Amino acid sequence: ESFSTRVHDAAAAVYARNYLTYLKNSFGDIISYYEFWNEPKTATYPDNPNFSIYTIEPELFADAYMDIATMAANICRELNPDIKLLSGDLGQPTMNEDYRMYEQLFKNGILDVFDAVSIHTYAQDGSFENSLLGGGNLAFGEEMERLSKIYPGKHELKLSQTEAGSSRGNTATSTAYDQGNADIRGYMLGRHNKYEIWSTYSMYDNGDSPETIESYFGRAGVHMRRNVTLDGDILKPYDAYLQETAKNYFMARTEYKDLKITDDKTYAAVFDSKKFNKKVACLWDESGTDRMTLDLGVNELTYSDGYGNEQEVYSDNGVFSFEVSERPVYILGNFKDVNIIDNNDFIIERKSNQMAQNDTLSFDIKYSGDTTGMTVVGDENDKIKVSNKTEFKDGVATISFDTKAADEGVNYLDIKVMSWSKRRCISSSIS
């Protein structure tokens, strides 16, 4: 029926029920979300398609959209009570009519009907995470927050980015590896900003050759590249595709909890995982490479390099150090909280994790602050003796232990950093 009236033909409800019943019967077990109308703001008057309705009658547009959306949503929830419903993309505010339309939608109960409000965010510089703040996206989020307080509904305000990405001109200068990094970081920051859904696009020209698409848009165009080997022609996954797969593996069924940021712009995004019944944290650096030291209060956790390669890591004092870069990595464990330790804390690096009896075990103790008056001390026992140590120089001291009398198996020792005003104990174990 004509969009210029609020009342829709009764046949629309019959059509909606038939269609949603078909979707439920065909795909009910695998669909978690429905989005109502992709970019509804593009709707034009039936008798004058050159004019967008919302730009002339924003309140009428909001009334009509909510009318048909409410009708379809009621049928949808009747058929599938656990489904989550997303509004169509409401678009960034570029004129006063946008704000009038937003307010009318909230007056009409958009938070009663939808679990999340959708927006299509696109970056201007090829960096997916920057699409959160560019092109009016931040203004959109702030306006949604404001209206949700004035017109609360059954659902808490959540946002969904059902499209986010960048155009060919911006992404052509970056690799699929870089796009994967930016995608994951953007996803984490999006979750922090109440974005429940994060969908990414890389736009390329239809006239591009398959080779160009693979080179510039490894994740968006084709996820695999051909790699001819002696064993034949095989498909090799791109870096960004592996990163996206690892993200989906670790982040599935997670609930956002916290975001920790250091002065050096290293990030730790923390989530509760219903899939693993543990905490998941994603770690990265805004630019370059840095060290992040975390006090997690647990002695073991699972670490993934971001491509899905996992390993178990251990600590005797609940403190872990990780090298972080623009490529995000994940940790999974039973930690209750993530506390970032100041970069001016002590870092212990083992020259060897395992040894044979009669070997000498050495540790480097590193500290980026003032080491004046500091010395390293090792607790000796009848099995393990300090064989050598050096004082701090350029932020590094070394201590070595003679283990020829150590029992076979696991042995524990303590390394202390002593000063006039500070005593730090760094526990360790050797096997």
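The lining of the second largest pocket holds eight nonpolar, three polar and ten charged residues. Here Ala, Val, Leu, Ile, Met, Phe, Trp, Tyr, Cys and Pro count as nonpolar; Asp, Glu, Lys and Arg count as charged; the others, Gly among them, count as polar. The model is predicted: local features need pLDDT of at least 70, side-chain atom pairs count only at pLDDT 80 or more, and totals for chains, interfaces and linings use all residues. Residues are numbered from 1 along each chain as its sequence is written, and side-chain values use heavy atoms, with hydrogens and water left out.

The space in this second largest pocket is about 720 Å³. Of its 21 lining residues, Tyr33, Arg191, Glu196, Thr254 and Glu255 are the closest to the centre. Two or more lining residues come from each of α8 (176-192), β7 (195-198), α10 (239-251) and β11 (254-261). β7 gives the most, with four residues. A pocket is an open set of points on a 1 Å grid over the protein atoms alone, where a 1.4 Å probe fits, with protein on both sides within 12 Å along at least five of seven lines; lining residues have an atom within 4 Å of a point. Points are joined across faces, edges and corners, and the volume is the space filled by probe spheres set on them.

**The sheet**

The chain has ten helices and 26 strands. These are DSSP runs numbered from the N terminus: helices are H or I with at least four residues, strands are E with at least two. Six strands form an open antiparallel sheet in the order β11-β12-β13-β18-β15-β16. β11 and β16 (310-314) each have a single partner strand, so one side of each lacks a neighbour in the sheet. Neighbouring strands are turned by 25 degrees against each other on average, direction ignored. Pairing requires at least two DSSP bridges between two strands. β13 (residues 278-285) and β18 (residues 329-333) pair antiparallel over five bridges. In this pair, Lys279 stands opposite Gly333 in β18.

α10 packs on the sheet and touches β11, β12 (266-273), β13, β15 (300-304), β16 and β18. The direction of α10 makes about 20 degrees with that of β18. Axes are lines fitted to C-alpha atoms, for helices over the stretch in contact, and angles run from 0 to 180 degrees between N-to-C directions. Contact means heavy atoms within 4.5 Å.

**Burial and single residues**

Of the 431 residues in the chain, 45% are buried. Buried means under 20% relative accessible area, exposed over 50%, and partly exposed in between (1.4 Å probe, protein chains only). Among contacts between residues at least 6 apart in sequence, 66% join residues at least 24 apart.

| Residue | Relative accessible area | Class |
|---|---|---|
| Lys41 | 13% | buried |
| Trp37 | 35% | partly exposed |
| Asn277 | 65% | exposed |
| Val117 | 1% | buried |

Lys41 sits in the loop between β1 (33-35) and β2 (44-45). Beyond its neighbours within four places in sequence, Lys41 contacts Ser52, Tyr54, Phe61, Leu90, Gly91, Gln92, Asp98 and Met101. Trp37 is also in the loop between β1 and β2. Phi of Trp37 is near 75 degrees, a positive value in a residue other than glycine. Asn277, in the loop between β12 and β13, has a positive phi near 55 degrees.

Val117 belongs to β5 (residues 116-122). Its contacts beyond four places in sequence include Ser87, Leu90, Ile110, Phe140 and Leu159. The C-alpha atoms of Val117 and Asp89 are separated by 7.5 Å, with the two residues 28 apart along the chain.
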